[in-house]
Amino acid sequence: MTILFAILLFSLLIFVHELGHFITAKLSGVQVNEFSMFMGPAIWKKQKGETLYSIRCIPIGGYCAMEGEDEETDNPRSFQKAAWWKRVIILAAGSVMNLIAGFILVTIVNCFLHQAVPQVDFLRTGSTLAMEGGLQAGDTILEMDGQRVESTADFSAILNGNPDDTEYDVLVNRDGQELLLESVTMIPQEFPANEEGQAGVFYGVQWATKRLTFPQALKQSCTDCVDFVRLVGMSLKMLVSGEARLSDMSGPVGIVAIMNETAQASDTTLNAMLNLLYLGAFIAVNLAVMNLLPIPALDGGRIVCLLLTTAVEAVTRKKIDPKYEGYLHAAGMILLLGLMAVIMFKDIWTLF
């Protein structure tokens with residue numbers, strides 16, 4: 001099931017990526033000769049207008065073949081004849097669609113998540129906050145010394161900005177009525193492990209949790225996607241600096257193994273699916289960022305070459321033959337396929 005899910009996920013992400021190129025090419029008036037899902041011999045194909053739609057037998061990759069993409073042609077609707085800014089949009093659209101797909105996947109996950117809210121579920125035994133006149137189970141904290149508390153992060157931020165023995169006037173909602181608790185001292189205490197929770201040093205408050213509303217899920221998804229981009233950037237920095245090595249990289253085989261471990265570690269089928277979707281969202285954002293890197297054969301490399309050739313042609317007033325750029329991208333593709341083969345061999349070797 002994990003392998004099937006991985007194949008479906010990769011197929012979806014590739015389809016969405018190529019769909020981005022396809023839609024923007026059509027909207028820009030560029031002729032699309034073929035829109036294919038997967039690679040290899042075709043198992044289904046249909047000609048509709050100028051475009052051949054096909055599904056091929058090897059469940060990897062896919063492509064959107066545009067007229068005159070890497071060669072000169074007299075067709076006025078070729079890729080090379082389109083305005084440079086339209087070509088940039090077409091090339092970038094694949095990664096944008098992957099970002100959108102990642103955002104949708106992580107939003108689905110976040111709609112099922114529960115988030116801690118500043119409402120007291122219970123207080124640990126011995127907590128100073130449970131003393132007479134202090135907090136009670138069910139209290140929702142509204143303000144602390146006049147500062148609004150809209151999340152547990154606000155609660156922590158207020159406490160971290162003051163000494164441990166600070167006294168607070170805490171406005172709470174108790175049984176539907178607002179109540180002001182005066183001079184409440186919040187002192188971190190060390191609690192032993194028991195049936196109420198984990199051991200550690202904290203204030204003895206166990207927060208209640210509620211399912212995220214849709215606006216909250218959207219906001220959290222934006223934060224998650226930004227974090228994904230940061231993680232990819234950190235990983236690339238580690239590769240360049242030498243902190244990470246080729247052995248730390250994973251291809252499709254390694255990712256399937258990670259997915260399997262993730263699913264097996266989940267306590268329920270629903271949590272397994274949510275964890276896999278979350279991992280899928282990270283992979284989608286990862287693909288989006290990687291595709292925009294200025295490496296030949298990738299969309300980012302094509303965009304850089306396009307901008308450079310456009311600038312050179314504007315200065316020299318001479319058209320650069322696109323076949324030279326095609327040679328560059330072909331060489332880049334060979335190197336990338338070689339790297340993928342090495343990583344795949346490493347992943348298979350690791351499994352066995």
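This is a predicted model: local features need pLDDT of at least 70, side-chain atom pairs count only at pLDDT 80 or more; totals for chains, interfaces and linings use all residues.
Q: Is Gln80 buried or exposed?
A: Buried means under 20% relative accessible area. The relative accessible area of Gln80 is 10%, so Gln80 is buried.

Q: Which backbone oxygen does the side chain of Gln80 reach?
A: Leaving aside neighbours within four places in sequence, Gln80 is in contact with residues including Gly68, Glu69, Arg87 and Pro322. At 3.0 Å, the side chain of Gln80 reaches the backbone oxygen of Glu69.

Q: Why is the pair of Phe15 and Phe35 tilted?
A: A search of the whole structure finds eight aromatic pairs. Planes under 30 degrees apart count as stacked and those over 60 as edge-to-face, with the rest tilted. The ring centres of Phe15 and Phe35 are 6.0 Å apart, and the pair is tilted because the planes lie at 50 degrees.

Q: How many residues apart are Phe15 and Phe35?
A: Phe15 belongs to helix α1 and Phe35 to strand β1. The pair thus links distant parts of the chain, with a separation of 20 residues.

Q: What angle lies between the planes of Phe22 and Tyr53?
A: Phe22 in helix α1 and Tyr53 in strand β2 are 31 residues apart. Their ring centres lie 5.9 Å from each other, and the pair is edge-to-face, with an angle of 70 degrees.

Q: Which residues form one aromatic cluster?
A: Phe35 is buried at 10% relative accessible area, whereas Phe15 is partly exposed at 33%. One aromatic cluster is formed by Phe15, Phe22, Phe35 and Tyr53.

Conventions. Residues are numbered from 1 along each chain as its sequence is written. Side-chain values use heavy atoms; hydrogens and water are left out. Buried means under 20% relative accessible area, exposed over 50%, partly exposed in between (1.4 Å probe, protein chains only). A polar contact is a pair of N or O atoms within 3.5 Å; within protein, one must be able to donate a hydrogen and the other to accept it, and residues adjacent in sequence count only if both atoms are side-chain atoms. Contact means heavy atoms within 4.5 Å. Rings of Phe, Tyr and Trp (its six-membered ring) pair if their centres lie within 6.5 Å; planes under 30 degrees apart count as stacked, over 60 as edge-to-face and the rest as tilted. Helices (H or I, at least four residues) and strands (E, at least two) are DSSP runs, numbered from the N terminus.
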